[in-house]
Amino acid sequence: MTVGAAVLAGCSSDGGAKSAGSAAAAAVEKAASAAASAASALASGAGEAGAAIASAQARASSAASAASSAVAGIKGGLDAKGDVAVGAVTTGSDGRAQAQLTVTNHGQQPYRYVIQLNFTDESGKVLDATAVTVQDVAAGQSAQATGRSNRDLSGAVGAEVANAVRY
């Protein structure tokens, strides 16, 4: 599932977009975590494999929706998908999938970024999604961030930037 973005004009220099972006990113992280926890509890109580699969699909859909909402909630943001590069997916010490992100600010002023990162299987199906916020990347500079899945993922896992906004 790839979410399209429209380029929005009129990025303001006031703090409104920055605080709205930070609030949206915090809200999506909380919502994605709650959705993953609730779905995990449901899956652990289900006796059938079909119920577990349906639950996993619901978690992935919920997480992708929450991450997409965080990016869409940025008012006055500019499309920045081309500013973000994704490294290989590894498994962290907590068992979750993680991917290193490199954000390069090609603009003429400092920007903050909100990035929707989708974790996918070999066929491109979304397994999980998260929103990553990168604070104040100076003009012409790069910054590193790590995107982590909301739950353990098995099999061959990839990562893709579904959407990114700078503000």
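A: Let us begin with Thr91, whose bridge partner in strand 3 is Ala97. This is a predicted model: local features need pLDDT of at least 70, side-chain atom pairs count only at pLDDT 80 or more, and totals for chains, interfaces and linings use all residues. Residues are numbered from 1 along each chain as its sequence is written, and side-chain values use heavy atoms, leaving out hydrogens and water.

Q: How many bridges link strand 2 and strand 3?

A: Strands of a sheet pair through backbone hydrogen bonds, either parallel or antiparallel. A strand is a DSSP run (E, at least two residues), numbered from the N terminus, and two strands pair if DSSP finds at least two bridges between them. Here, six bridges join strand 2 to strand 3 (residues 96–104) in the antiparallel sense.

Q: In what order do the strands of the open sheet of three strands lie?

A: The order is 2-3-6, with antiparallel pairing. Strand 2 (84–91) and strand 6 (142–152) are the edge strands, each pairing on one side only.

Q: Which strands form the open sheet of four?

A: That antiparallel sheet has the order 1-7-4-5. Strand 4 and strand 7 (residues 158–166) run antiparallel, joined by eight bridges; Thr120 has Gly158 of strand 7 as its bridge partner.

Q: Is Asn118 buried or exposed?

A: Buried means under 20% relative accessible area, exposed over 50%, and partly exposed in between (1.4 Å probe, protein chains only). Asn118, in strand 4 (residues 111–120), counts as buried because its relative accessibility is 0%.
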